[in-house]
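Dear colleague,

I am handing over a structure that you have not worked with before, and I would be grateful if you could look it over alongside the notes that follow.

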Amino acid sequence: MTENSIGRRTLLIATGATAATLAVGATAQQPPTAADQVPAAAAAVCTLTKELTEGPYYLDGQLVRADISEDKTGIPLKLTLTVVDDDTCAPLGNALVEIWHCDALGEYSGFVGGNGHDEPDNGTFLRGGVLTGSDGVARITSVYPGWYRGRCVHIHVKVHTGVTLTPDGSFEGGRELHTGQLFFDEAVTRRVATVPVYAANTVPRTTLAQDGIYDDGGAASGLLTLTALGTSTTAGYAGTLTLGIEAG
């Protein structure tokens, strides 16, 4: 299923090099292997990019939680997303970073069957968000996404401020500042696609280069920096990106 880009808003993405300079978004990781290290895009002070469509699979009222994987099998993914103010590059604390994505079979919770696979659907798997700390960092644990017809592997992301946490573990209110998508290096995805749980996906895979949403802009377009968590693909990956948003 293809999606069309919607309206633009100024969004600043600081690359890994920028994040290091600003001393935000740093996280301890195991040393990567040479084969599985995906380098950050070329160093730049700040890069402007567009927002991207939220797509047809968004559901309101998801849980605020650091681990969204539930019982889904797949390759571990540890995300570290740093939110900064685009005017000052200062970290934005207490912002809710919300993500959602499909499972290894390309199915979204709440919409199972849309990619042609039959499995239980509780409406919550691989959905949720977490508040950033004073350093602007949100850390979320999930599994490497699969793919569905017409789209490359990706994760949807929203950034909200001023939300109120609710007794049922969700959130309400606030202001939505950014809607975008996170993308994965094609070389890593090719390795992931050979793992049995992903290889069981019967839908032909759209590559990063073939995708109608990703515009080949690297980190400026949401391309994560991926670092291997071990010596094998199944050990998983850490994914990092620094997002600068219009906070005013």
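**Aromatic rings**

Tyrosine 148 is buried, at 2% relative accessibility, where buried means under 20% relative accessible area, exposed over 50% and partly exposed in between, with a 1.4 Å probe and protein chains only. This is a predicted model, in which local features need pLDDT of at least 70 and side-chain atom pairs count only at pLDDT 80 or more, while totals for chains, interfaces and linings use all residues. Residues are numbered from 1 along each chain as its sequence is written, and side-chain values use heavy atoms, with hydrogens and water left out.

Rings of Phe, Tyr and Trp (its six-membered ring) pair if their centres lie within 6.5 Å, and planes under 30 degrees apart count as stacked, over 60 as edge-to-face and the rest as tilted; by this rule there are eight aromatic pairs. One of them joins tyrosine 57 and phenylalanine 111, whose ring centres are 5.1 Å apart with planes at 70 degrees, so the pair is edge-to-face. Tyrosine 57 is buried at 9% relative accessibility, whereas phenylalanine 111 is partly exposed at 29%.

The rings of tyrosine 108 and tyrosine 148 are also edge-to-face, because their centres are 5.4 Å apart and their planes stand at 70 degrees. Tyrosine 108 is buried, with a relative accessible area of 1%. Tyr57, Tyr108, Phe111 and Tyr148 form one aromatic cluster.

Finally, the charged end of lysine 72 sits over the ring of phenylalanine 125, 4.0 Å from its centre (NZ of Lys or CZ of Arg within 6 Å of the ring centre and within 35 degrees of the ring normal).
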